[in-house]
Amino acid sequence: QRWANFGIGTLGACLLGLLQMARTPKLALWRRRCCVKKLLLVGAMLVGACCAAAGQTVQVDRLQIDGAGITEVASEKRVQDRDAASGHRIETKGVRLKEATTRIPAIFGTRFGMIYSVVGHPRDAIVSFKRVTVFPQVGLLNPSTGQRTYRQEAMFQDRIGVQSYRGYYLNNEWEVVPGEWLIQIWDGNRMLAEQKFTLYLP
């Protein structure tokens, strides 16, 4: 859309210039004809470029995991989410990998996850994925609701070529469950990435 608007605006400017030259009697006839041909050529090229850009398909090739382990964040925001085991999710900014490991101490307040990049084209295109978190076999039992959760899913958006983060924050005592945790990212029915973490009691 941005390229289409740019092309239309530029083409409009070219046509305006064409009209101004057509109204200028001092220009020689051959010069006006030459300018007309050039302007028409530029306009055709712009229209073709705009159509190609507007019709470009978004393609996701793979996910490249750049790191996994214990993480730190610069800021966070709690968002209500009825599909989450705790009833909310944590949105983070400024994630940093504190320790690269797949063995995570099961301690209240620990954050862990994976940092990755979306490989595909065009760069910066917005894509929608599904994030699946699979908990240990015993699941997570929320004492407030009495509900036991074995996995949770959430849709989110990423940008191609931009580094992102998906992880988990043990911000409730009842979430501190040792065992194997899986964080998966799906594109439709295709699993793009799966990262395993083993939580252990220190």
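I begin with a pair of glycines: Gly 113 has Gly 167, in strand 11, as its bridge partner. Strands here are DSSP runs of E with at least two residues, helices are runs of H or I with at least four residues, and both are numbered from the N terminus.

A word on provenance: this is a predicted model, in which local features need pLDDT of at least 70 and side-chain atom pairs count only at pLDDT 80 or more, while totals for chains, interfaces and linings use all residues. Residues are numbered from 1 along each chain as its sequence is written, and side-chain values use heavy atoms, with hydrogens and water left out.

Strand 6, residues 111-121, pairs with strand 11 in the antiparallel sense over seven bridges; pairing requires that DSSP finds at least two bridges between two strands. Both belong to an open, antiparallel sheet of four strands, ordered 4-1-6-11. Strand 4 (96-100) and strand 11 (163-169) are at the edges, each with a single partner strand, so one side of each lacks a neighbour in the sheet.

I turn now to Gln 195, which lies in strand 13, residues 190-200. Its relative accessibility is 13%, so Gln 195 counts as buried, the term meaning under 20% relative accessible area with a 1.4 Å probe, protein chains only. Leaving aside residues up to four places away in sequence, Gln 195 touches Ile 65, Ala 68, Thr 102, Met 114, Trp 181, Leu 182 and Ile 183, where contact means heavy atoms within 4.5 Å.

Finally, the whole protein: two helices and 13 strands, with 36% of its 202 residues buried.

Methods
Buried means under 20% relative accessible area, exposed over 50%, partly exposed in between (1.4 Å probe, protein chains only).
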